[in-house]
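Student: I would like to learn how to read a pocket and a helix crossing. Where do we begin?

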Amino acid sequence: MKKFNFITIFQASGIKKIVIPIIQRDYAQGRSNSSIKRVRENFLKALYDAVTKKPITLDFIYGDLDDKGILIPLDGQQRLTTLFLLHWYAAKREKISAHKLGFLKDFSYETRPDARDFCTELVDNNFQPKFDQKTLSAEIQDQSWFPLSWKKDPTVSAMLIMLDAINETFSEVKNIWRALENGAISFYFLPIKDMGLTDEIYITMNSRGKLLTEFEHFKAEFKNRLDSVDAALSEKIIRKIDINWTDLLWQYRDEDNLIDNGFLNYFRFVCDILLYKNDKTTQGRNRDALSLLDEFFNGNVHEKIAFMENAFNCWRGMNIDEFFDSVVSRGSRTKKNANKHQSGNFITYFDNPNFFAECVQSKNFSLGQTLMLYAFVNYLINKDKILDVDFRRRIRVVNNLVNISLGAEISDSENRQGGNRMPAMLKQIDSIILTGKIIVLSPNFNVYQLEEEQAKFDWAAENPNDAESLFALEDHYLLYGQIGVVGLKNSQNFARFISLFECDYDLIDCAILARGDYFQHKKQLYQFGSKNQSSWQNLFHRSSYNENFEGTQEYLNTLLSESAHFTDDYLKKVIAEYLADCEKNKSFEWSYYYIKYKCFRPARYGKYFWADFENAPYLFEVYWTEQRRSENAYQPFLRSIVDEETFQQKYNPELARLEFGKYYIECENDAYVVKKIETNELVERLQIIQCGGVDMEDRIAKFKNWSKKNIYCV
């Protein structure tokens, strides 16, 4: 089939005039929105390369050609309009004779007066742009023949934008006209005969009259680029996109019955994986469809196509929803009993368990979900090499690693500590899924979790009859994978942990503290359990930042070892016995007050501040927020000595003291003191009897008795 360019189409094809009909949409390639801007930039780049490097063929332009030689395009309006503007630009910039550029008069938006007149004036007028620093569109609009009303016409407006873009792209290029004459940009022309110009024709021809979708631009560009690499492969892949993979994605179509966005979302996942496998990051990269193509066609295209094929094909011929339902159960990080353990054949994930559907349908597919989906894709691609029982054990390991590493370790940012960890994490997943082995890589998933997973692998192999109890513990909503706070050496406590945390959190907090200092801390900020379950999750997930994880583990297991089953009544008994023992022995450590007095334990984040825990354990503040001091922070030994209303009125949070008229009360490690506000002069000191730094009397009860007779607190 013969090729034409925009010059020869008028000379040797029987075409005397090209007329864009009213039924066609406005000229769209010059629109100003971001998605069209990207299309425009890519198209002009292709034309630039054609003029300066290697010629290009723009595929078919087809339409109805009548007996008078008038072509009504059915497909190709956008390309023809851009070529019209490029040829006009080249002719004017290089001062080509009016005779040579005369054929441009035969291109028209015949049935749109403003667009038609603009095209006519642009060619007929003797206007010669100066091509100075002023934009080309501004120069055109300054002409007397350009009425202001034309600005409102969307096609004229788009043409002006395109002319500016052409000028920006080709301003440094010489001999543009010669390249165009020599066929740098060509296309095939296909006349459609014996067909009337009806609406049905346009609807049939790819729904002309509507804007091309991002997916349609993507597919056309994908084909063009792959054609230049391997035409046979291109035909094969495009057929799969149009038929096989459309069928695959059909069940996840959108409300308009389109799979376009679903395909692009999954293709984006494929490109992200390829990028990470090449030790690169998605950070700072444009992830729109055409940018992804630039990335995809840079490098070993055949290798990338092979992975793309496998990543799509591995889902074909299966019920995807049923597959995920057979492997993953939906858990919850926020509700007790929300994820009852099913069996070791299931993993518990805490978001949408159908990773494929989530990827296809979501605009915000997370890095954690990306890792999980990759693990499933890797398995399905290599399914014939992996036993089902092995896969279920291995995907559990991946799931644990992902869940524990979320937020802290999982990152593809070069600016965060550890840098872009995704390449190493994918290698780790490859090893686990394909061989069942955890390998040493850095930086990687959470280092403690990697060690724990290896230990659990070994333990389960040695204790196959107890593996199910291990999996049940892993799936607990406070642990979601990391069981180190109980520990493999305390396997008798696996089920007991689950029983304990069906009880009231506040009672659990007090009962564990009755067994010892189970808290953790980062410098002076201390973490306890509280009514807020996130406090327990912080305690149970080991990190390099918090100290005393071993203390949490020790005293939790001490309590767990005392009973095979826990209830609120049992915990109340533990607490009552502890308080009674303190009172009997006249030994009132700070923890006695914490457990006895409710105001020490607000239903917040379990955060406390100690300036010097070792030397001044009775001097601390209860924090209201999770990370830092706020105006709601308070000294609990002051809050506990007055009623709530008085505390709210008298407490000065900035200075951590109670103010009564001319006086204020504050705490010291071994006393309550009363001072004058004006001079800070000491007025009274209520000394607390201590032995070895531990109270020998209940200081709160003592102050309340003392204050009944004291005028300072009235």
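Tutor: With the pocket. On a 1 Å grid over the protein atoms alone, a pocket is an open set of points where a 1.4 Å probe fits, with protein on both sides within 12 Å along at least five of seven lines, and lining residues have an atom within 4 Å of a point. This is a predicted model, where local features need pLDDT of at least 70 and side-chain atom pairs pLDDT 80 or more, while totals for chains, interfaces and linings use all residues. Residues are numbered from 1 along each chain as its sequence is written, and side-chain values use heavy atoms, without hydrogens and water.

Student: Which residues lie nearest the centre of the second largest pocket?

Tutor: Ala408, Glu409, Arg542, Ser543 and Tyr545, out of 41 lining residues. α18 gives the largest share of that lining, 4 residues; helices here are DSSP runs (H or I, at least four residues), numbered from the N terminus.

Student: How do the axes of α8 and α10 cross?

Tutor: Axes are lines fitted to C-alpha atoms over the stretch in contact, with angles from 0 to 180 degrees between N-to-C directions. Those of α8 (residues 214-229) and α10 (residues 260-277) come within 9 Å and cross at roughly 55°. Angles under 35 degrees count as roughly parallel, over 145 as roughly antiparallel, 65 to 115 as roughly perpendicular and the rest as oblique; α8 and α10 are therefore oblique.

Student: Which residues make the contact?

Tutor: Contact means heavy atoms within 4.5 Å. Glu214, Phe215, Phe218 and Phe222 of α8 meet Asp260, Phe263, Leu264 and Phe267 of α10.

Key. Helices (H or I, at least four residues) and strands (E, at least two) are DSSP runs, numbered from the N terminus.
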